[in-house]
Amino acid sequence: MSRICASLVAISATFLATSLAAFAAPITVPSGLNPGDHYRLAFETSTTTTPASSDINTYNNFVNSLANAPGSPLAGLSTWTAIASTVAVDARDNTLTNPNVGADPSVPVYALNNTLIALNNAALWSGTLANPLDVTESGVVVPEYVWTGSASNGTAIPVSDLYNQYPLGAGLWPHLGSSQNATSAWIDYSYGYVGAQNSLYAISGVLTVAPEPSSIVLTAIATAGFALSSLRGRRRRKR
């Protein structure tokens, strides 16, 4: 009987640990970074939408509103854009991650469970991610189909009636990604019907790791001390 109880306790503990990991709060400052380091965050949306619009701002507004909703752990952190392509706009240009554009900041991208997605823009569009992008804005791991309209290099998927491939808003069968994959299938997987509901991927702007509170305090003390010293010096000179 004691062995059975011990086994049940072990199973319960494992289940609890797994559940807590699956529902952990989103991590917005990845571990291993130092004050002043730059990075981006990315997530898949917990709510779904259709891919009927040909206006990229429809998808940008969708992900940005979700991330910055009142009470969201991400509220006020950044402006977010959709990792998605229409006929007119490629995903890599919409997100300012085009590795061929020198003006686009190239920084590491992390999921909200503290896992690295890509070291830089080139890695993001290399066809392989470091880890799947399957974490929602709430920090929950949920493998889903995701509307992308994109090829693995971040450009709009070529319009094709033969293979049922379309950018978002361009036809009856827009292109899908699969968030459980870290291969090119994360963004270039299959297609779905334009009336169906699926998630989107979102990515932040470039974020900066803030100084440690102790550093801020020390800097403030040093600044105040310098100002006080200067003031005393001026008073002495006036005498």
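Two strands count as paired if DSSP finds at least two bridges between them, and strands are DSSP runs of E of at least two residues, numbered from the N terminus. These legends describe a predicted model, in which local features need pLDDT of at least 70, side-chain atom pairs count only at pLDDT 80 or more, and totals for chains, interfaces and linings use all residues. Residues are numbered from 1 along each chain as its sequence is written, and side-chain values use heavy atoms, with hydrogens and water left out.

**View 1. Strand 8 and its partners.** Strand 1 (residues 38-44) runs antiparallel to strand 8, joined by 3 bridges; here E44 sits opposite Y201. Strand 2 (residues 80-82) is also antiparallel to strand 8, again through 3 bridges, and T81 faces I203. Along strand 8 (residues 201-204), Y201 and I203 point one way while A202 and S204 point the other, and all are buried (under 20% relative accessible area, with a 1.4 Å probe and protein chains only).

**View 2. Aromatic rings meeting.** Look for 6 aromatic pairs in the structure (Phe, Tyr or Trp rings, the six-membered one for Trp, with centres within 6.5 Å; planes under 30 degrees apart are stacked, over 60 edge-to-face, the rest tilted). The ring centres of W173 and Y191 lie 5.9 Å apart with planes at 80 degrees, so this pair is edge-to-face. W173 belongs to the loop between strand 5 and strand 6, and Y191 to strand 7, 18 residues apart. Elsewhere, W125, W186 and Y201 form one aromatic cluster.

How values were computed:
Buried < 20%, exposed > 50% of the residue type's maximum accessible area, 1.4 Å probe, protein only. Helix = DSSP H or I, 4+ residues; strand = E, 2+ residues; numbered from the N terminus.
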